[in-house]
Amino acid sequence: MNSSVILLSLPLIGILMLMNEQTDLLEQAKAVLQTNDQGNYTIPAEGLYPHQWLWDSCFIAIGLRHIDIDRAKTEILSLLRGQWHNGMLPNMIFNPDNQYRRDREIWRSWSNPYSPDKLATTGITQPPMLAEAVVKVGERLKKAERRSWYKQTYPALLAYHEWLYSERDPHAEGLVLQIHPWEIGLDNTPPWMQELHDHQLAFWIQAAKKLNLGWFINLFRRDTKRIPGIERLDPIEALAFYSIQRRLRRKSYDIDKILSHSLFAIEDLTFNCILIRANQHLQAIAELIKEDLPHELSDRMKQGEAALEQLWDVYSGQYYSRNFVTHKLLKEPSIATLMPLYAGTITKDRADQLVRLLENSHIFGSAFPIPSVPLNSARFQPHTYWQGPTWVNTNWLIIDGLRRLGYTDHAAALTETTLEMIRKSGFYEYFSPTDATPAGAQNFSWTAALAIDFLKQS
Ligand code: GLC
């Protein structure tokens with residue numbers, strides 16, 4: 001072969017190798033989802049997460065739609081089994097197997113009259129990703145099928161959004177509040193942990209902290225038996241999470257009773273940005289099936305977009321979560337800082353400011369972005385849960401926002417580094433943003449599902 005032929009064929013070889021790699025990754029991702037498939041729903045990962053989680057199933061359906069559209073629909077419909085009679089969607093539906101009796105007993109959802117009759121769930125929710133998942137599945141359907149899919153899911157979606165505003169926005173501010181870090185899905189994210197340490201550590205937890213009893217607390221945990229402690233919640237924080245949960249259970253998850261006795265309520269930035277986007281989807285669904293949204297709900301939805309701007313801090317040029325009671329902004333940067341890009345309602349000027357943070361290699365622009373806490377934060381730890389690692393679901397949200405706002409090059413680059421990270425390290429729960437070392441659970445479902453979605457889009 002002469003040298004010009006070799007040169008010409010190189011790009012082709014490169015393309016073929018890349019295609020091969022993509023196919024391999026796709027097949028591996030499918031296998032992960034298959035392993036975690038329970039028939040009607042998918043668990044996040046074997047061993048560590050044996051139940052069905054709300055936003056996990058939404059991300060999983062977004063991936064499944066490319067490989068088995070009926071199975072994707074089932075994933076969503078199985079979530080709706082857990083919907084409470086007041087519209088609430090719980091963050092977890094418990095596996096009915098006998099071995100998980102203790103998990104169900106810890107929550108005792110049946111103490112609330114609105115809980116579902118035949119299922120045990122938690123008594124709190126998670127970010128409202130349902131509308132996004134319904135629409136993403138709808139995009140893969142023909143027009144008539146899409147319409148009937150929307151008709152089928154609309155009543156549950158409407159009831160959920162109405163519940164969010166009626167129960168979680170008691171002062172009609174346009175922002176909904178959350179009562180437990182598990183509700184935001186970013187469990188130990190710095191703004192919430194700061195509030196927890198400042199106001200919520202009961203005296204006996206403070207005593208355990210002073211006496212360095214972390215090792216003792218870990219004896220009772222499921223996660224640290226499987227995953228190194230450094231990658232999980234700090235034991236004192238884990239204990240505080242359970243203590244807040246017990247307090248909610250004592251009030252049978254009745255929001256009026258909870259709010260009259262507790263000051264731990266936060267209008268979380270990520271949750272509210274996801275709700276703003278979910279509202280846009282709900283509106284589009286209603287239009288397509290020729291339903292009118294109730295006036296009160298549409299008013300609140302409009303108000304929500306405007307209220308997001310109250311979370312902007314001019315001095316630091318960033319958005320933050322807010323304490324519901326004091327209205328103080330919780331000025332701890334985290335991955336939430338970038339979530340207004342996903343909401344999609346912010347001005348070009350503010351979006352540019354956020355994109356600059358993403359580009360900055362000392363802030364969010366790490367080698368394998370996007371870190372869940374910026375690199376220049378004193379709280380940054382590369383392997384510790386939501387205190388530094390890169391998570392694929394938050395990348396997906398921000399990429400989706402970037403694309404809609406016209407930052408298509410940024411979106412494409414981030415998609416590429418996310419896939420590279422997974423190719424390098426596997427389908428883990430999270431990864432070090434500096435060198436992509438994997439951490440947390442192995443064979444993690446949303447990492448696999450969203451990798452499928454990225455591969456099918458690129
Ligand atoms: C962890 C994550 C949460 C997720 C759950 C199940 O608690 O913080 O976001 O839903 O695991 O994967």
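Mentor: A residue is called buried under 20% relative accessible area, exposed over 50%, and partly exposed in between. Please bear in mind that this is a predicted model.

Trainee: Why is Lys290 called exposed?

Mentor: Lys290 has a relative accessible area of 71%. Exposed means over 50%, so Lys290 is exposed. This residue is found in the loop between helix 13 (269–288) and helix 14.

Trainee: What makes the phi of Lys290 worth a remark?

Mentor: The phi of Lys290 is near 55 degrees, a positive value in a residue other than glycine. Most residues other than glycine have a negative phi.

Trainee: Which other residue has a positive phi although it is not a glycine, and is that residue buried or exposed?

Mentor: Tyr385 has a positive phi of about 45 degrees. Its place is in the loop between helix 16 and helix 17. At a relative accessible area of 7%, Tyr385 is buried, because buried means under 20%.

Trainee: What is said of the peptide bond from Pro369 to Ile370?

Mentor: The bond from Pro369 to Ile370 has omega near 10 degrees and is cis. Most peptide bonds are trans. Ile370 lies in the loop between helix 16 and helix 17 (392–404).

Trainee: Which residues gather with Lys290 in a patch of positive charge?

Mentor: Lys143, Arg147 and Lys151 gather with Lys290 in that patch on the surface. Of these, Arg147 is placed in helix 6 (residues 143–168).

Trainee: Why does Arg147 count as partly exposed?

Mentor: Arg147 has 30% relative accessibility.

Trainee: What makes up the nonpolar surface patch?

Mentor: Trp215, Phe216, Leu219 and Phe220 make a patch of about 490 Å². Phe220 is in the loop between helix 9 (214–218) and helix 10 (223–226). With 57% relative accessibility, Phe220 counts as exposed, because the limit is over 50%.

Trainee: How do you know that Glu27 and Lys30 meet in a salt bridge?

Mentor: The N to O distance between the side chains of Glu27 and Lys30 is 3.4 Å. A salt bridge requires a side-chain nitrogen of Lys or Arg within 4 Å of a carboxyl oxygen of Asp or Glu, so this pair forms one. The two residues are three apart in helix 1 (residues 3–36), and are therefore separated by about one helical turn. Both are partly exposed: Glu27 has a relative accessible area of 43%, and Lys30 is at 28%.

Trainee: What makes Arg300 and Glu296 a salt bridge?

Mentor: The closest N and O atoms of Arg300 and Glu296 are 3.9 Å apart, and the cut-off is within 4 Å. These residues are four apart in helix 14 (residues 295–307), which means about one helical turn. Arg300 counts as buried at 13%, whereas Glu296 counts as exposed at 59%.

Trainee: How far apart are the closest N and O atoms of Lys348 and Asp352?

Mentor: They are 3.0 Å apart, and the two residues form a salt bridge. Lys348 and Asp352 are four residues apart in helix 16 (residues 348–359), again about one helical turn. Lys348 is exposed at 53%, while Asp352 is partly exposed at 24%.

Trainee: How many salt bridges does a search of the whole structure find?

Mentor: The search finds 23. A network of salt bridges links Arg65, Glu132, Lys136, Glu139, Asp400, Arg404 and Asp453.

Definitions and conventions
Residues are numbered from 1 along each chain as its sequence is written. This is a predicted model: local features need pLDDT of at least 70, side-chain atom pairs count only at pLDDT 80 or more; totals for chains, interfaces and linings use all residues. Side-chain values use heavy atoms; hydrogens and water are left out. Patches are made of residues with over 30% relative accessible area and no salt bridge: like charges are joined within 9 Å, nonpolar side chains (Val, Leu, Ile, Met, Phe, Trp, Tyr) within 5 Å. Accessible areas come from the Shrake-Rupley method with a 1.4 Å probe; for residues, only the protein chains shown count as cover. Lys and Arg count as positive and Asp and Glu as negative; His and the chain ends are not counted. The place of a charge is taken as NZ of Lys, CZ of Arg, CG of Asp or CD of Glu. Buried means under 20% relative accessible area, exposed over 50%, partly exposed in between (1.4 Å probe, protein chains only).
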